[in-house]
Amino acid sequence: MSMNSQGRPTAPTADNDTGEMTPVFESFSGHQGLRIAEPLVFELGTTQTTGVDVEEIEDFELSVGGLERDSEIGCPGLAEPDVVRHFTRLSRRNYGIDMGVFPLGSCTMKHNPRLNEKMARLPGFGDIHPLQPLSTVQGALELMTELSHWITTLTGMPAVALSPKAGAHGELCGVMAIRAALEARGDAREIVLCPESAHGTNPATAAFCGYKVKSIPAKENGRVDAEALKAALDDTVAAVMITNPNTCGLFEDEIKDIADAIHAAGAFFYCDGANFNAIMGKVRPGDLGVDAMHLNLHKTFSTPHGGGGPGSGPVVFSDALKDFAPMPYVVAGADGFDIVEDGDDTSLGRLTAYHGQMGMYVRALSYMMSHGSDGIRQAAEDAVLNANYVLASLGDVMSASFDGPCMHEALFDDRFLKDTGVTTLDFAKAMIDEGYHPMTMYFPLVVHGAMLVEPTETESKYNMDQFIRSMRGLATEARAGKTARFEGAPYHAPWKRLDETQAARQPVLRYTVPEAAE
Amino acid sequence: MRYLPLTNDDRQAMLAKIGVRHVDDLFRDVPKADLNPDIDLPRHQSEMMVERQLSRLAAKNTPAGSVPFFIGAGAYKHHVPATVDHMIQRGEFLTAYTPYQPEIAQGTLQYLFEFQSMVAQLTGMDVANASMYDGSTATAEAVMMARRVTRKKKAILAGGLHAHYRAVVETTTQFTDDVIESLAPVPSDPGAELQAAMDAIDDTTSCVVVQNPTVNGSVMDLAPIAEKAHAHKALLIVVVTEVMSLGLIKSPGEMGADIVVGEGQSIGNGLNFGGPYLGLFATNQKYVRQMPGRLCGKTTDTEGKEGFVLTLSTREQHIRREKATSNICTNSGLCSLAFTVHMSLLGEKGLRQTALVNHKRATDVRNAVAAIDGIEVLNSTFFNEFTVKLPTSAAPVVDKLAADGVLAGVPMSRLYPGDGFDDLLILAATETVSEDDIQILAAKLKEALS
């Protein structure tokens, strides 16, 4: 055994008798090295502890109509060091893009540039109130105008509504505009057609707007069955909602034909733009006959997902729909920029308080300006290239659902796991042990045991090769019947599989003070 | 291009592996005529150049922190401790997705559980969800939830509801079965405003929506309207646009609310010109399965270790599709983390004291402006905001003061144009307002009105 100059061993010691490494003991603390156990803030703090210094004030006469809050609220406080430690410890239980490949299909988990964060925090953007006099926010209105210009140019559409708060909110905006346009021409229609591969938000949105949803089947090549779609089109159909590239990661090759058929039936074409990352700078939805489409700034334009938001879902509109766009919107006048907040009679109305997700607008514009027209096209190409590289590298050991090439995501199904006893879920959990966030699983619904892999353009070839090596290894082992690593996976995550059934059966949705022991 | 790691050699090697010669061979399903259009936009730029241009735009705006600042009306300038922004910028939080894989998302899930618990405590309700987009969209969702719960259609919006919130409810429900009865604001008599809402309740009412404090700042006792609503099997929805007020004022739950929605921006989140903000949504246990949005719940893993998962997802769009309780998917995750970090710093003690300081500052401002000839304070109750009547139109006065470097509140006509409120001004004061600021405001107002 090698020793340092103080006589300490410089490598782990093996047990002398068995030759095995020192066994892991259960710790007294509950911690395991860097895996620090961390209770709820309610178990750490007290209602009398605080991490802020608030000025002391003398008694004064309250004007709250005798409605003071007398009862205890129960919110715990911690001093600042403990707050920092609590949330730092929690953060280390999370996987994020910053830690590794995050190939979650449909979600476009690309790198989140830090310049964007810095720009959004400039006091001139982050510390302005939405109801300040317009003379004091001209730069903000100019930024919104500039972002609108980038979005309409990239999409080839004449107008954009910035205010929707996320993708699903954008869908609501788009379908409402469609309904408003139909009602304006006295044309009541009842049905929205969605392919069966659609995101769940599509049918949910259509139902919100008072429409019945009819499903359109997919063809064997993963595209919408254009013939079935045309057969379903008549004067009761208000809109068709199609994701393009679609949720199987494929470009709808008959899209213009479909758009023509939709318009011939007097209906509108809503395009779910969740997958715009594959085609930005490569093809403009405006050239494909789209009437309305939302963009997810938190997917395509790199604003962070933040563990579930905030997002931002601007909607672009065709000439036929642009008069029905929501308020508010910015207009340029002789004396500078102005906001139209009311009084537009054709507008579908207001979808949110104030002007939408300004913080996301700044980040998205920062990203667009950084990439420029050339970089945006290159990003789409690299995203598609990375996905096809995955498809080509795994096609022989996993079962690709459709013939290539794909767009920015590669879809596999579970045929390659047939008779192995390993499920898509098991496979996903084994990816966690490999140090990766799993791909999207069991979506889209049109293939069995779907695995939707979206690497994005911000992964290097080295990262892709490492990832592919893991996936090949897992697929090969599963098919060889070596299923132990799948059955209990993940083994190396800080938690084992969590019981979702128990959580739903007896929901515990908040902390309550434990009853004192008798 | 600094965000793109692939080299041209990499690209060639990968194309060879795929078995195509050119990247456009991968785009073969795109109509040829439409592929690679001219995009008339600037080319890529360095970080320094982008920063320079965006900073120039930012410099054209007047930050709230740079001037005496008295604007509220649903978004508030509070001091956010440095720790908050530092924690939310940890990459493990910032760059995570919705926690679909709970084994590697316990950080997000635990703070969501803490967030839900804190919101439930603050609002005085049983349970809260993991956030909505903002207070206004949460209000629209609450109205639709009340319809599902009561199977009745008439929603009454009390006059004291923020104009934007009212508009969002009206817009969002325009194609649903809901029937919205919007009552007129009565800024000079909040009691009459509330009475009108009470009088409108009947057996067809699904819910009555009341904001507290009202858009004009008045603090109302909601117990009587809760009682009337419940007598007609309608729900009381309470909207709180200034969540800091819950550190001083009796909670909606204590006054009988069935659903509480609110804007959580005041805690942990900046003004951001209106977004991203943080929608709060809380209700009682018996209505949980009719709630919109994500819910985080406690469970155990296969070794019995306690942990958290997203739960009751059979309400949601990705499972229920057109039968979902809402179409919401992405919500305000990182804003709810900011809220949770700030709340952990405040604790009950810090929250109550901060709320009290807000009330004191607003009292000081009230006293200062009430002493000016021609200004009439309309409120007898308030938290950190109140409405005054000027002897002239408020908007030009506010513009004049803005030109003088004072952001002196929101003219009510900005929110209710053409409704005859031109002479009303809504003034807010938080803990960030100094005594000097108040003196400057009073002096400039006096000057503008003389």
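The contact between the two chains takes 166 residues from chain B and 171 residues from chain A. On chain B's side of that contact, helix 11 of chain B gives the most, with 21 residues. Keep in mind that this is a predicted model.

**Where the chains meet**
- Sorted by class, the side of chain B that touches chain A has 77 nonpolar, 57 polar and 32 charged residues.

**Chain B overall**
- Chain B has 14 helices and 13 strands.
- Its radius of gyration is 25 Å, close to the 22 Å that the globule rule gives for 450 residues, so chain B is as compact as a globular protein of that length.
- Along the principal axes, the C-alpha trace of chain B spans about 80 × 55 × 50 Å.
- Of the 450 residues in chain B, 62% are buried.
- If you take contacts in chain B between residues at least 6 apart in sequence, 73% of them join residues at least 24 apart.

**Two domains in chain B**
- Chain B splits into domain 1, made of 64-79 + 347-449, and domain 2, which covers 82-342.
- Taken over C-alpha atoms, the centres of these two domains of chain B are 27 Å apart.
- The two are in contact through 29 residues of domain 1 of chain B and 25 residues of domain 2 of chain B.
- On the domain 1 side, helix 11 (333-370), strand 11 (385-389), helix 13 (412-415) and strand 13 (424-428) of chain B each supply at least two residues.
- Helix 11 of chain B has the largest share of that side, at 7 residues.
- By class, the domain 1 side comes out at 17 nonpolar, 9 polar and 3 charged residues.

**The open sheet in chain B**
- Chain B has an open sheet of 7 strands, in the order 1-7-6-5-4-2-3, with mixed pairing.
- At its edges sit strand 1 (127-128) and strand 3 (179-182) of chain B, each pairing on one side only.
- Strand 2 (residues 154-157) of chain B runs parallel to strand 3 of chain B, and 4 bridges join them.
- Within that pair, A155(B) stands opposite I180(B) of strand 3.
- Helix 8 (residues 190-200) of chain B packs on the sheet, where it touches strand 2, strand 3 and strand 4 (205-211) of chain B. The direction of helix 8 makes about 175° with that of strand 4 of chain B.
- Helix 9 (residues 223-231) of chain B lies across strand 4 and strand 5 (235-240) of chain B, at about 145° to strand 5.

**Chain A overall**
- Chain A has 14 helices and 13 strands.
- Its C-alpha atoms fill a box of roughly 85 × 75 × 50 Å along the principal axes.
- Buried residues account for 56% of the 518 residues in chain A.
- For contacts in chain A between residues at least 6 apart in sequence, 70% join residues at least 24 apart.

**A hairpin in chain A**
- Strand 8 and strand 9 of chain A form a hairpin, with 2 residues between them.
- Strand 8 (residues 329-333) and strand 9 (residues 336-340) of chain A run antiparallel and are joined by 5 bridges.
- G333(A) stands opposite G336(A) of strand 9.

**Around D433(A)**
- D433(A) is in helix 11 (residues 424-433) of chain A.
- It has 18 C-beta neighbours inside 10 Å, so D433(A) counts as partly exposed.
- Beyond its neighbours within four places in sequence, D433(A) is in contact with R485(A), A489(A), P490(A), Y491(A) and H492(A).

- P490(A) is in the loop between helix 13 (484-487) and helix 14 (500-505) of chain A.
- F443(A) and P444(A) are also joined by a cis peptide bond, with omega about 0°. P444(A) sits in the loop between strand 12 (440-441) and strand 13 (451-453) of chain A.
- S131(B) isn't a glycine, yet its phi is positive, at about 110°. S131(B) is in the loop between strand 1 and helix 6 (135-150) of chain B, and it counts as buried with 31 C-beta neighbours inside 10 Å.
- L312(B), not a glycine either, has a positive phi of about 50°. L312(B) is partly exposed, with 19 other C-beta atoms within 10 Å.

Key. Residues are numbered from 1 along each chain as its sequence is written. Chains are lettered from A and ligands numbered from 1 in the order in which they are written. This is a predicted model: local features need pLDDT of at least 70, side-chain atom pairs count only at pLDDT 80 or more; totals for chains, interfaces and linings use all residues. Two strands pair if DSSP finds at least two bridges between them. Two residues are in contact if their C-beta atoms, placed from the backbone, lie within 7 Å. Axes are lines fitted to C-alpha atoms, for helices over the stretch in contact, and angles run from 0 to 180 degrees between N-to-C directions. Domain bounds come from an automatic or database domain assignment. Ala, Val, Leu, Ile, Met, Phe, Trp, Tyr, Cys and Pro count as nonpolar, Asp, Glu, Lys and Arg as charged, and the others, Gly among them, as polar. The radius of gyration is taken over C-alpha atoms; the globule rule is 2.2 Å times the number of residues to the power 0.38. A residue is buried if 20 or more other C-beta atoms lie within 10 Å of its own, exposed if 12 or fewer, and partly exposed in between; C-beta atoms are placed from the backbone.
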